[in-house]
Amino acid sequence: MQRDEPTFSADDELIAIDEDIAPSPTGTEAPDPWKVLIVDDDEDVHRATELALRGMLVEDRPVQLLHAHSGEAALQQVAQHEDLAVMLLDVVMESDNAGLKVVREVREALKRSALRVILRTGQPGYAPELETVRNYDINDYKTKSELTRVRLFTSLTASIRVYRQMRTHERMRQGLEGIVRASTELTKLHGMQRFAEGVVNQLCALLGVRTEGLVCAQGGLASVGEPARVIAAAGRFSQYVLQPLAALDTETIRDTLMRCLNEQRSLFAPALAIYFPTSAGRGLAAYVELSHPLREGDRHLLEVFCSSMAVGFENVLLYDRLIDQAYLDPLLRIPNLNRLLELLAAPELEPANSTLALLDIDDFSAINDALGHEFGDAALKAIVARAHAALPECHLARLGSDLFAVLGHSGTVKPDTLQHVFGEAFEVAGQRVRLSATIGLVQLGTRDCYGPELLKDAHVALKQAKLHHRGTAVYFSAALGQDARERMHLLRDLREAFDAHNHFFVVYQPKVRLEDGRPSGVEALLRWRTTSGELIPPDRFIPLAEQSGLMTALGAFVMRTACQQLRRLRDAGHETLGMAINVSHAQLRDPDFMAILKTSLDDAGVPGSQVELEITESMAADDLDLVRRLLAELQTLGVRVAIDDFGTGFSSLSVLRHLDAQRLKIDRSFVNEMLQDDSIARMVISLGHTQRMQVTAEGIETEAQRDALLALGCDEGQGWLYAKALEEAALLDWLAAAQA
């Protein structure tokens, strides 16, 4: 087949061709060349094209020629070089349409849409149809005789410009797709460090560089004024993760990142530092070591990436704050109850060698009341600082205002080690303060339970330690657990009985004048009979009722029932008998106490002068002002007041002097001892009479006790010597017999 040799016309003189490519300026890298593939089975065409393009710069970049002498070789070259810009392709080679087959494979199989194709043929009759040019995106078609130097340069320049624009658009599209994909993937990462590591990987992929040499720095995100820290790094910078940015050994990188953070903007020259803004002017910066200058469109992609990732960083910061609120104590910055429960359930925990301890700071509320909450907060911080120093391998958590938990190895978490934390006085706000703690411990290896159950066991041990003596430590045991379960079941039954309204009833113990044994009144006493018929002793259920908040309602029930019983006693002819009613501390503090009392009296139609309310000495001592105010109000109703359990407290004389009560009751413990030593009974009776008060002795069981009390001048008594607590029918029978 006859071929036309390439020819060059006179207009080729318009192109200035240097013998060699001009060298790059000293210290700069030569720009990447445009890769152009010559596909022709004629070696002369290859040599002629090389000669025509020698020394040529297109868009300020040199041209690198690649060669293929067949369609198959051309496809291999295209597959090997992804950055191939232009292909000068002969139409007729091993077959009349070999070139067109190459174009079809390049577009359809290799998916190289940006590669520009200039068809060359020696015979105009072999020109492709217009449909073929349009379908296969053929950039130009020339006969070989037309490709003079000028025309070759012009055609090549136009093709390269189109290629550059298409590659830029392609990179932009791929980059935007990568940003969207990165945003979707990174939203699944929680925690600043993990998210920053994800940003590192995505940014490297976006720029087409290795992760070596990328550092992500955080500026003031944990707290205002905190030094910038490295939170994610790759390659040789990995050793600096979580270290201050100032620790970086490369001054250029360190200064670039600091400038980026300080100026709050990305820097694109001479080094690349990307800025990610967050709220309140705080932000992050990423440094990338590029192996090549930024390509066209990269800067725009980076700006889009920054905007997208900035939203992600904001979400991570919000998530971190939520995690802090959920798992950290806001004052002391240590784990809270939620985090402790997670630690107790952690797979790495070794129960056989671990102990959980609860530390309750003794009398901490008094410190807050006396010295203020700021001082109290400072004291807690001092405790935490010393505990961390003394228990370095343990987990410390705050469960309440002055309640802490320590979880760690049993060899460390033990009474003497924990008490050592409080051995020396604490320096708080310039003052030395001595503190102590009551401790409950549970050895995890002895319990076949986890999480909340372990914490409950520790609380049981702590409560037992408080009952013994403050400042002591008690280990949980099976016996303690059994007691706690029994109390829990009893409390459950108590609530059910209260809801049923028919398991509680009132009995009445008679009181008599010691001088003649005549009835003077009765004392109303609450009783509880379960559905099985079992009577629960008051000393078991009354404390539970007080702890559970049921005592106020139960007290109101006793008051209403006792007043109604007094009404029936009066109707039965016992008009002079008095009714004594015990009042709990919770009732006294109830704002509706006086209203409930007045309603009970009015509904029963009984005079207040026949009702006597009994309060304990300890209740009066705990809140003397409240009790004195209530006594003044009770006087307006004519209701009398008796001080019960007198002599068992710590401030008897002081309380007695300030209370306007009408009766003093001697505790049964002193009555039991008076035959051996009557000094306390004698003193109580003397004090009562000095204060113009009647004196009643409780728990009289023998005639000898009665005679001794009578000899000391005691006015009234009650006890089994006279009668046990009786229900209404038995009480009426007893009164009839006593008054016969």
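Contact here means heavy atoms within 4.5 Å. The model is predicted.

**Exercise 1.** Find which residues Arg589 touches, leaving out residues up to four places away in sequence, and decide whether Arg589 is buried, partly exposed or exposed.

Solution. Start with the location: Arg589 is part of helix α17. Applying the contact cut-off gives Asp623 and Leu626 as its partners. Asp623 is 34 residues away along the chain, and its C-alpha atom is 9.5 Å from that of Arg589. For the last step, buried requires under 20% relative accessible area and exposed requires over 50%. Arg589 has 48% relative accessibility and therefore counts as partly exposed.

**Exercise 2.** Describe the lining of the largest pocket by position, by element and by class.

Solution. The space in this pocket is about 1,000 Å³. Its lining has 34 residues, and Glu523, Leu525, Pro538, Ile542 and Asn582 lie nearest the centre. Elements that each supply at least two lining residues include β19 (519-529), α15 (538-548) and α17 (585-589). Sorting the lining by class gives 13 nonpolar, 10 polar and 11 charged residues.

**Exercise 3.** Which members of the largest nonpolar core touch the most other members, and what does Leu613 touch?

Solution. The core has 74 residues; Met579, Leu613, Ile666 and Leu709 touch the most other members. Helix α16 (residues 551-571) gives this core its largest share, 8 residues. Leaving out residues up to four places away in sequence, the contacts of Leu613 include Ile581, Phe593, Leu634 and Arg640. A second, separate core has 30 residues, among them Ala382, Val413, Phe426 and Leu435.

How values were computed
Residues are numbered from 1 along each chain as its sequence is written. This is a predicted model: local features need pLDDT of at least 70, side-chain atom pairs count only at pLDDT 80 or more; totals for chains, interfaces and linings use all residues. Side-chain values use heavy atoms; hydrogens and water are left out. A nonpolar core is a set of buried Ala, Val, Leu, Ile, Met, Phe, Trp, Tyr and Cys residues joined through side-chain atoms within 4.5 Å. Buried means under 20% relative accessible area, exposed over 50%, partly exposed in between (1.4 Å probe, protein chains only). Helices (H or I, at least four residues) and strands (E, at least two) are DSSP runs, numbered from the N terminus. On a 1 Å grid over the protein atoms alone, a cavity is a set of points where a 1.4 Å probe fits but cannot get out, and a pocket is an open set with protein on both sides within 12 Å along at least five of seven lines; lining residues have an atom within 4 Å of a point. Grid points are joined across faces, edges and corners, and a volume is the space filled by probe spheres set on the points. Ala, Val, Leu, Ile, Met, Phe, Trp, Tyr, Cys and Pro count as nonpolar, Asp, Glu, Lys and Arg as charged, and the others, Gly among them, as polar.
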